[in-house]
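Q: Could you walk me through how some of the helices pack here, and then the aromatic rings?

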Amino acid sequence: MSALAHDLPPAAVNAKLIALIASGAVFLGVFLSGFVIDEPAPYDLYMTGLIAVWALFGLRISRAAMPLLTLLVVMNVGGLIAMTQMSDLMETPLYLSVSLFLAFTSVFFAAVTEARPDVYRLIFIAYVASAVLTSLAGIAGYFNLVPGGEIFTRYGRAAGVFQDPNVFGPFLALPGIYLLYLLLTGPVSRMPLLAVPLLIVVGGIFLSFSRGAWGLFAVAAVLLTGILFLQSRSGLFRLRVVVMTILAIALLVVGILVLLQIPGVSDMLSNRAQLAQDYDSARLGRFDRYAIGFQLALEKPLGIGPLVFGKIYGEDTHDIWLKMLMDYGWLGFVCYLVLTLWTVAAGFRLLLRDRPWQPYVLCAYVVYIGHIGLGTFIDTDHWRHLYMLFGLIWGGIALEYRYQRQFQTGAGGHPHPAGPSRHCDDPALPSVVRP
């Protein structure tokens, strides 16, 4: 190995070393996203420095990813305008700074995955590792398996290394779906290796007792299996998807049945499984606040300022659309709506196309669709993993844009006669980055 390295030009050795350092830096950033027990979290501090360093050494935002940056920045401008309506700024400057930081993390992940599609696999591996560890912490805390494990629970529910089980559960959805994807499409011999981390992650989702997380994972899993079924023209592969889906469901059901035998789990499940809790339908509960907030939005088009709604009515909006109207005004609301529709439409075009990065975009996309529905019942504007989802999907959108342009025009600027195919001569678009 040393002789081979000695024969390589110094520039090639340096380039390889820089690539390894860059990959490790991204891996660590994604890994830290699973540990947010206090704020500012290690993820926040680390990603701030990483984005700054990367920007100094060549972070490039392509034209295809520019709508993501523009819409998120203008959305935060709406928050600044809404802040002018406040008599007491409270913690608003810090709140909007976090919003802008999260927007930049989204653009960072889009730019990095577009520049190096092979980083997709690294990101998902880091995410799975983080999810397994924080799930184990939540499970250990819930069952009091370690001294001081109560710091990994909230309200009698598993929270892992998070402040809120309602964020902990949805955070686990993407790694759970990715492991499910590998289970459905990978070799049978790999099933035991995938079943263990999948059960751990799903166990974390279940013990979070977050109705939103349960629904999110269920919706994403159904979408994933449906798209995989439609994606293949092979009857044998479709049969495999059906059989593996049945086996995966059986595995999860057995795991949940085992958990239900533990005292206290079934009682918490019956309580949390109710469609409407007291805080939903009570006077000035969640549903009443929806009506009040949307009426207020008609009277205050500039918004009332970040965090003000919760100060007035005792609880936050618990609805991302109402949150946008109150905290970011109609300007922020329109930007977020456009971003949502654009992401859904542009991402949908990638689902059935055979690209090296398609599996990763597919997993991120189905989980993102679930988050859209989840946002109707909870504020998601400061969820770190949601902005990572934006970045992963928009990285794929930007790659598809470049892929199409390459085959529409040849080297001399003339139309390419063959049109798009599975293969690509662009060195930045490797032929294999499969899971």
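Q: How are α8 and α18 oriented to each other?
A: In this predicted model, the axes of helix α8 (residues 173–185) and helix α18 (residues 358–374) cross at roughly 135° and come within 9 Å, and α8 and α18 are therefore oblique to each other. Angles under 35 degrees count as roughly parallel, over 145 as roughly antiparallel, 65 to 115 as roughly perpendicular and the rest as oblique; the axes are lines fitted to C-alpha atoms, for helices over the stretch in contact, with angles from 0 to 180 degrees between N-to-C directions.

Q: Which residues make that contact?
A: From α8 they are A173, L174, I177, Y178 and Y181, and from α18 they are P359, Y360, L362, C363, A364, V366 and V367, where contact means heavy atoms within 4.5 Å. By class there are twelve nonpolar, no polar and no charged residues, with Ala, Val, Leu, Ile, Met, Phe, Trp, Tyr, Cys and Pro counted as nonpolar, Asp, Glu, Lys and Arg as charged, and the others, Gly among them, as polar.

Q: Before we go on, what are the ground rules?
A: Local features need pLDDT of at least 70 and side-chain atom pairs count only at pLDDT 80 or more, while totals for chains, interfaces and linings use all residues. Residues are numbered from 1 along each chain as its sequence is written, and side-chain values use heavy atoms, with hydrogens and water left out.

Q: OK, how do α4 and α17 run relative to each other?
A: The axes of helix α4 (residues 66–83) and helix α17 (residues 329–348) cross at roughly 160° and come within 7 Å, so α4 and α17 are roughly antiparallel. Their contact includes L71, L72 and M75 of α4, along with C335, Y336 and W342 of α17, and it has 15 nonpolar, three polar and no charged residues.

Q: And α10 with α11, what is the crossing angle?
A: Helix α10 (residues 211–231) and helix α11 (residues 235–260) have axes that cross at roughly 160° and come within 9 Å, and are therefore roughly antiparallel to each other. Among the contact residues are F229 of α10 and R238 of α11, and the contact divides into eight nonpolar, two polar and one charged.

Q: Where does R238 lie relative to F229?
A: R238 lies over the face of F229, at 4.8 Å from the ring centre; the criterion is NZ of Lys or CZ of Arg within 6 Å of the ring centre and within 35 degrees of the ring normal.

Q: Switching to the rings, how many aromatic pairs are there?
A: The count comes to 22 aromatic pairs, where rings of Phe, Tyr and Trp (its six-membered ring) pair if their centres lie within 6.5 Å. One aromatic cluster is formed by Y142, F143, F206, F209 and W214.

Note on methods:
Helices (H or I, at least four residues) and strands (E, at least two) are DSSP runs, numbered from the N terminus. Rings of Phe, Tyr and Trp (its six-membered ring) pair if their centres lie within 6.5 Å; planes under 30 degrees apart count as stacked, over 60 as edge-to-face and the rest as tilted.
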